[in-house]
Amino acid sequence: MTYFIYILLNNVIPLSIMIALGVILYRAFKLDIRTLSKLNFYLFSPALVFKMLYESSLSMQLMLQTLLFFALHLAAMFLLVEFIMRVRGYQNSMITAMRNSVIFYNSANYALPLNQLVFVGDAFTLSIQIIIMMMQSLLPNTYGVYSVNAHKNDLRQTLRTILSLPVIYVIPLAFLMRWLHIPIPDPIYMPITYISNAFVCTALITLGVQLGSMKWTLMFSDVMLSNVLRLLIGPAVGFGIVWLLGIHGTMAQALVLATSVPTSLSSALIAVEYDNEPEFASQVVFSSTIFSICTVTLVIYLIQFIA
């Protein structure tokens with residue numbers, strides 16, 4: 001019950017309030033969703049990723065183990081979603097939107113505080129979550145952008161779009177500067193901090209603006225399918241992979257917990273930016289956040305058995 005109340009008070013209610021403000025602002029002022037989307041992709045998200053990676057302390061062994069788990073989990077979920085979508089006969093744009101809603105999950109502003117609650121501020125489990133957050137920041141800005149543009153543009157134009165995104169340069173830059181112990185002067189680091197702190201607010205306002213601009217034709221069966229795959233099948237596959245790899249203890253618990261969180265805001269931002277089923281993507285982000293109150297609490301209870 002403690003975890004249920006915590007997730008409700010510290011994740012779902014604050015996120016819902018910010019989304020509601022976005023809806024209200026759109027109804028009052030008709031905010032431009034494209035401008036907000038570009039601010040997230042080209043300013044706020046890169047600043048957040050850079051700051052977290054620059055300040056982190058990650059060992060090579062931990063990184064390799066976590067990346068192996070992440071790769072296997074991603075591959076398993078990808079194949080499962082592909083099979084289900086073929087059976088259901090989805091078309092190009094919906095295939096991409098469904099896939100992104102399942103394989104991209106909220107590893108930053110939801111999973112990081114959750115990790116710190118469950119493991120009581122443990123630096124080891126926080127490092128695991130930061131590695132997964134890094135990959136969940138990189139994937140939407142590379143594969144995610146490619147997937148929504150592949151059936152619209154030629155390969156050269158799609159690659160040009162991907163290479164224009166700052167986050168793919170920010171990740172290696174942050175690691176290089178941290179490993180070489182290159183200090184950042186305060187007049188430069190302070191703006192980075194201010195901008196990164198604005199990411200969650202701006203992303204949620206953007207989602208609210210998208211929800212406020214929709215006609216609200218509820219895509220119930222598709223949204224529920226995405227939620228089941230993300231919130232229930234995702235952590236179940238995580239349990240299977242840590243068992244397969246022989247990972248035990250706190251590391252196994254942290255890895256499984258990382259896969260249990262709701263759909264990432266990135267999937268909705270990509271859908272809005274590139275006009276790829278934005279209504280479906282926005283409904284999935286919102287609904288999976290609500291349903292995660294129960295599913296994440298269940299996962300927290302179950303991970304004690306792999307200690």
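Author: We'll go from the overall fold down to single residues. Keep in mind that this is a predicted model.

Reader: Fine. How many helices and strands does the chain have?

Author: Start with the secondary structure, then check the overall dimensions. Here you have 14 helices and 0 strands, so the order from the N terminus is simply α-α-α-α-α-α-α-α-α-α-α-α-α-α. The radius of gyration is 19 Å, close to the 19 Å that the globule rule gives for 307 residues, so the chain is as compact as a globular protein of that length. Along the principal axes, the C-alpha atoms fill a box of roughly 50 × 45 × 40 Å.

Reader: What share of the 307 residues counts as buried?

Author: For burial, look at relative accessible area, where the cut-off is under 20%. In this chain 55% of the residues count as buried. The accessible surface comes to about 13500 Å², and 70% of that belongs to carbon and sulfur atoms. As for contacts with a separation of 6 or more, 86% of them join residues 24 or more positions apart.

Reader: Let's zoom in on one helix. Which residues of H13 are buried?

Author: Go along the helix and see which residues are covered, then ask what covers them. H13 runs over 265–273, and 8 of its 9 residues are buried. Those are Leu265, Ser267, Ala268, Leu269, Ile270, Ala271, Val272 and Glu273.

Reader: Which helices do those buried residues pack against?

Author: The partners of H13 are helix H2 (33–55), helix H4 (92–103), helix H6 (123–149), helix H10 (199–213) and helix H14 (278–302).

Reader: Speaking of positive phi, where do Lys30 and His181 lie?

Author: With a positive phi, check whether the residue is a glycine, then look at its surroundings. Lys30 is not a glycine, yet its phi is near 55°. Lys30 sits in the loop between helix H1 (2–29) and H2, and is exposed with a relative accessible area of 52%. His181, also not a glycine, has a phi of about 55°. His181 belongs to the loop between helix H8 (167–179) and H9, and at 68% relative accessible area His181 is exposed.

Reader: What does the side chain of Ser196 reach?

Author: Ser196 is part of helix H9 (residues 186–197), and at 4% relative accessibility Ser196 is buried. The side chain reaches the backbone oxygen of Thr193 at 2.9 Å. Not counting residues up to four places away in sequence, Ser196 touches Phe44, Ala47, Leu48 and Lys51.

Reader: Why might a helix side chain and a residue three or four places back end up on one side?

Author: An α-helix has 3.6 residues a turn, so residues three or four places apart point the same way. Then look at Asn141, in helix H6: a polar atom of its side chain lies 2.6 Å from the backbone oxygen of Ser137. Asn141 is buried at 5% relative accessibility. Leaving aside neighbours within four places in sequence, the contacts of Asn141 are Phe41, Ile162, Leu165, Val167 and Ile168.

Reader: Last one: how far apart in space are Arg160 and Phe305?

Author: Compare the sequence gap with the C-alpha distance. Arg160 and Phe305 are 145 residues apart in sequence and 47 Å apart in space. Arg160 is in helix H7 (residues 155–163) and is exposed at 52% relative accessibility.

Key:
Residues are numbered from 1 along each chain as its sequence is written. This is a predicted model: local features need pLDDT of at least 70, side-chain atom pairs count only at pLDDT 80 or more; totals for chains, interfaces and linings use all residues. Side-chain values use heavy atoms; hydrogens and water are left out. Helices (H or I, at least four residues) and strands (E, at least two) are DSSP runs, numbered from the N terminus. The radius of gyration is taken over C-alpha atoms; the globule rule is 2.2 Å times the number of residues to the power 0.38. Buried means under 20% relative accessible area, exposed over 50%, partly exposed in between (1.4 Å probe, protein chains only). Contact means heavy atoms within 4.5 Å. Accessible areas come from the Shrake-Rupley method with a 1.4 Å probe; for residues, only the protein chains shown count as cover. A polar contact is a pair of N or O atoms within 3.5 Å; within protein, one must be able to donate a hydrogen and the other to accept it, and residues adjacent in sequence count only if both atoms are side-chain atoms.
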